[in-house]
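The structure is shown before the points.

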Amino acid sequence: MTHSNPAENELRRLLENAGTIALVGASSKDTRPSNAIMQVLLDAGFNVIPVTPRETEVLGQKAYPSLADVPHEIDIVDVFRRAEETPQIARDAAARGVGTLWLQKGVENEETAQIAKDGGINVVMNRCIGETTLQFGIRKGPVRDRVDEAGWESFPASDPPTWGKVRPGGPVDDKADL
């Protein structure tokens with residue numbers, strides 16, 4: 001039988017109830033999709049554990065060479081590996097008692113799905129966990145809030161910025177009396 005992903009409401013529930021995500025295939029290279037998705041998950045407030053034998057740290061998080069080496073409980077294993085490598089990852093996840101195995105967009109393997117299901121694991125395949133997190137607006141605390149540039153709303157009315165005579169929502173006005 002061909003695997004079907006859980007319904008949208010179940011996917012939302014899986015993400016809302018998860019706290020820790022192990023990201024297998026994490027990379028510190030900012031050109032890699034796994035790096036961008038890890039950042040999305042961190043920004044959403046998840047505890048993300050990079051799993052890769054090639055790194056010691058990714059995005060400030062300690063990396064572990066395998067799932068067996070992770071000393072924390074894991075709710076979701078998110079996989080950025082080729083489909084043929086995923087059956088063993090499913091076995092490792094089942095041995096750890098992980099709740100969900102999530103294979104990223106473009107990764108599908110029926111054997112992996114069956115191994116995971118036999119181990120009592122929810123399976124999501126060929127779907128991006130980062131896009132799904134953003135789609136559902138999943139936010140966990142504490143949320144990492146990055147501020148790139150202060151705007152007018154950042155200043156109290158009694159202490160406006162002095163970096164130009166610009167009215168909120170309006171053009172530069174050299175003659176404006178701020």
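This is a predicted model: local features need pLDDT of at least 70, side-chain atom pairs count only at pLDDT 80 or more; totals for chains, interfaces and linings use all residues.

1. Residues are numbered from 1 along each chain as its sequence is written, and side-chain values use heavy atoms, with hydrogens and water left out.

2. The open sheet is formed by five strands in the order E2-E1-E5-E6-E7, with parallel pairing; strands (E, at least two residues) and helices (H or I, at least four) are DSSP runs numbered from the N terminus, and two strands pair if DSSP finds at least two bridges between them. Because strand E2 (47-51) and E7 stand at the edges with a single partner strand each, one side of each is left without a neighbour in the sheet. From one strand to the next, the twist averages 20 degrees.

3. Strand E1 (residues 20-24) runs parallel to E2 and is joined to E2 by five bridges. Leu23 has Pro50 of E2 as its bridge partner.

4. In helix H1 (residues 8-17), the buried residues are Leu11, Leu14 and Leu15, where buried means under 20% relative accessible area, exposed over 50% and partly exposed in between (1.4 Å probe, protein chains only). Seen down the axis of H1, these buried residues fall within an arc of 95 degrees, so they line one face of the helix; the arc is that of the directions from the helix axis to the C-beta atoms. The face turned away from the buried side of H1 carries the exposed residues Asn9 and Asn17. Among the elements covering the buried residues of H1 are strand E5 (76-79), E6, strand E7 (122-124) and H5, contact meaning heavy atoms within 4.5 Å.

5. Helix H2 (residues 33-43) packs with helix H5 (residues 129-136) at an angle of about 35 degrees, their axes being 9 Å apart; axes are lines fitted to C-alpha atoms, for helices over the stretch in contact, and angles run from 0 to 180 degrees between N-to-C directions. Ile37, Val40 and Leu41 of H2 make the contact with Ile129, Gly130, Thr133 and Leu134 of H5.

6. Gly97 lies in the loop between helix H3 (86-96) and strand E6 (100-103), and Gly97 counts as exposed because its relative accessibility is 58%. Gly97 and Glu73 are 24 residues apart in sequence, and their C-alpha atoms are 8.7 Å apart in space.
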